[in-house]
Amino acid sequence: MGERRTFVFGQKTAEELEAEAGLPTEPMRVNMGPSHPAMHGTVRMVLTLDGERIRESDIELGFIHRCFEKEAEYATYTQIFPYTDRLNYVSPMLNNVGFALAVERLLGIDKEIPERAQYIRVIVGEMARIADHLTCLGASAMELGAFTPFLWFLKAREWLYTLLEEVSGARLTHSYVRVGGVVADLPTDFSEKLGARLIDIARVLNEGEGLIKDLRIFRDRMEGVGVLSAADAIAYGWSGPCLRSTGVDYDVRKDHPYLVYDRLEFDVPVGTRGDNYDRFLVRMYEMRQSLRILRQALDQIPPGPILVPDYAVTLPPKAEVYNSIEGMIAHFKLIMDGIRVPPGEVYSTTEAANGELGFYIVADGTGRPYKCHVRAPSFAILTSLTKQIDGALLSDLIPTFGMVNYIAGETER
Amino acid sequence: MLMIFLLGALKWLGLIMVFVMPVASLLTWAERRQSAMMQDRLGPNRANIGSVRIWGILHFVADAVKMLFKEDFVPAKAHKTLFRLAPVLAFAPVLIAFAIIPFGPTIHVDHLFKVLDPYSAPSGGERLQIFTAEFGMLFYFAIASIANYGTTLAGWASYNKWALLGGLRASSQMMAYEVTMGLAVLGMFLVTGTLEPGAMVDWQGPNPLHWGITVQPLAFLLFFTAAIAETKRAPFDIPEGEPEVIGYFLEYSGLGFGTFFLAEFVEIVFVGALMTTVFFGGYHIPGLYQNGFYFGDWFFELPHVVVAVLQVHAFIFKVIFFCWFQLLIRWTLPRFRPDQLIHLGWKKILPMSLANVMITAAVLLWLGL
């Protein structure tokens, strides 16, 4: 018996065929961004492409660094609120709440915040969370070519922004929360208006989901793309919906309850495979849970004050400022010096739309922080993008990057 | 000879200037307006000339003026000749391909106001089709391949890596789907026994049960899919894919871009006309024969001119219906990934079209036709 050779047709890989043909090939290096339609928020990726396959990627941040942390050292604690609006500019309320909680913990008054103010913070925060998820999912769908759900989602987001504008006076940069409470009470008919809008939003969610969730093309683009294991996700410091998509059941609202989240009933959706489709679903279900939280909060919210009556922290009412010497002095000191925070440091986290939003503040007894650091969720998530996309196709980068929900404001603080 | 040439040129001009270009221009507005309706927004409704506003329908004029006055930029390292040639190569073939479309019945000038004999048409007459050839559909495929050069060359000549990627995507997509198109038409060819679009329309006649959609439903689906892929629009817009490779026309501005833009819409109209011709009975109206309407025993006699006018309008209506349908698809579905698109083309649609040809042939053999 001689040597037996088996020929199998169609079993050669593209690499083998190319090697046989002896074609000269070289990888192509392209600059994706900083000015590129998919690089929303200005980020630059240097990709080494083999055909359309990404061999190597290098992600470069810092094109719109805002100096938030340095600026914060020169502003009083109250003046920092407008800066936090611009951290995650899609959901400013959550940043407001996160920063206020950090300062309150430093002051030791976080248990004394009036209940109504806590409920208001939960309500505006959950509204912002829905707005953020709507933007993230809509924009990702749009980048995959599904324009219609994007605009439906933005329509729903606009309803929320309109309501938040009624609450705070500004559509996007609310600066609504204060150390010790919130700056103003909810408008009188707010509860009815929001209740009606919750029904509308639930309808829009169903419509948008119905259009893309089970669509073959959409699932093919999302499923099995950008996979990261739970262990890797934890190692990279992921949090929020992206971490939960890998199967880790961690939500700051559940595991370290703050405000009145322990009194509200809600579930934490968790994914199984850690791919883009899971991240899409987790965000989708989270919005439904937020709607549930909002309904409960609207039912439970008690009447009462919205600020702690401690004039070392909050501004006294105008009547007292004009008619009493104590009120006058308190007002003057708060405006000129800011809130005097006793020396100490605090790391306080909240569940923002993208994940764990942490504020690390060092106080030195003056009205301005000695150091203020932000732990931005999308910064940690972005660091693993290289691992997720290396070896994938150029087109896979788009949904993966979309699901990271990179927000330049908080990443480049 | 000269007369025939002049008549052909006149018909082509008539078709292009009176029907294709206005419809294509209006489609640029209709697409935005229709997508706006689908997405709960207003869309462009303000373009006007003085007080003439008509729902902003003049938006395409504003568009054209904008493109005319924009700087026509040529990148420094681009291949100047090919860069200029590419939009023409993308645009001209589609216009030429319209020559094979029969957009109305044969006109008998002497019998305009008479009722035609239902069983035999008078000899002679002028067919409302510019180019009648036995190889009509093959002519279209040949011409459509040239349009492919336009996109690929645009990507290559721009001296831009993104544009190059777009151009490469365009050519791989075209190759994958043109084969399917050919095979899908082959099914229709087996049934009708002709590749001449006019003869196909004649074969289909005014009875919807005899139309391509009824006798070759699978071929219709496959051909429609491949034809949308040829227009390079969502869900098949990977050569453009603006968040990914931005597109083969990335470096074009002004009228160069405008030409690509308009070519896309002319292709929509062409696909509509092709679908109408091959699968939807062309200019025929159900029940309308050349001497009048028949519905069972009920008969309504009509002179030749009325029948002709009705049929031309039927053709226009069907084409516009298909244009609308393509816009609807474009604003509903997301984009494929390039490898999934090629996979779909070669491994799913192509075998299906092959199977369709086999089954059609077998059935025809069995029926002894």
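Helices (H or I, at least four residues) and strands (E, at least two) are DSSP runs here, numbered from the N terminus. This is a predicted model, so local features need pLDDT of at least 70 and side-chain atom pairs count only at pLDDT 80 or more, while totals for chains, interfaces and linings use all residues. Residues are numbered from 1 along each chain as its sequence is written, chains are lettered from A and ligands numbered from 1 in the order written, and side-chain values use heavy atoms, with hydrogens and water left out.

Chain B to begin with. Helix H11, residues 338-367 of chain B, contains Val363(B). Val363(B) is partly exposed, because its relative accessible area is 37%; the class runs between buried, under 20%, and exposed, over 50%, with a 1.4 Å probe and protein chains only.

Now the interface. Contact means heavy atoms within 4.5 Å, and 32 residues of chain A are in contact with 25 of chain B. Between the two chains about 2,500 Å² is buried, 62% of it from carbon and sulfur atoms. That area is the accessible area (1.4 Å probe) that two parts lose on being put together, summed over both. The rule finds 4 salt bridges across this interface, each a side-chain nitrogen of Lys or Arg within 4 Å of a carboxyl oxygen of Asp or Glu. Lys155(A) and Asp40(B) form a salt bridge through their side chains, at 2.4 Å, N to O.

Last, a hairpin in chain A. Strands E7 (residues 356-363) and E8 (residues 369-375) of chain A pair antiparallel over 6 bridges; pairing takes at least two DSSP bridges. Ala363(A) has Pro369(A) in E8(A) as its bridge partner. The hairpin has 5 residues between the strands, and Gly365(A) takes a positive phi near 95 degrees.
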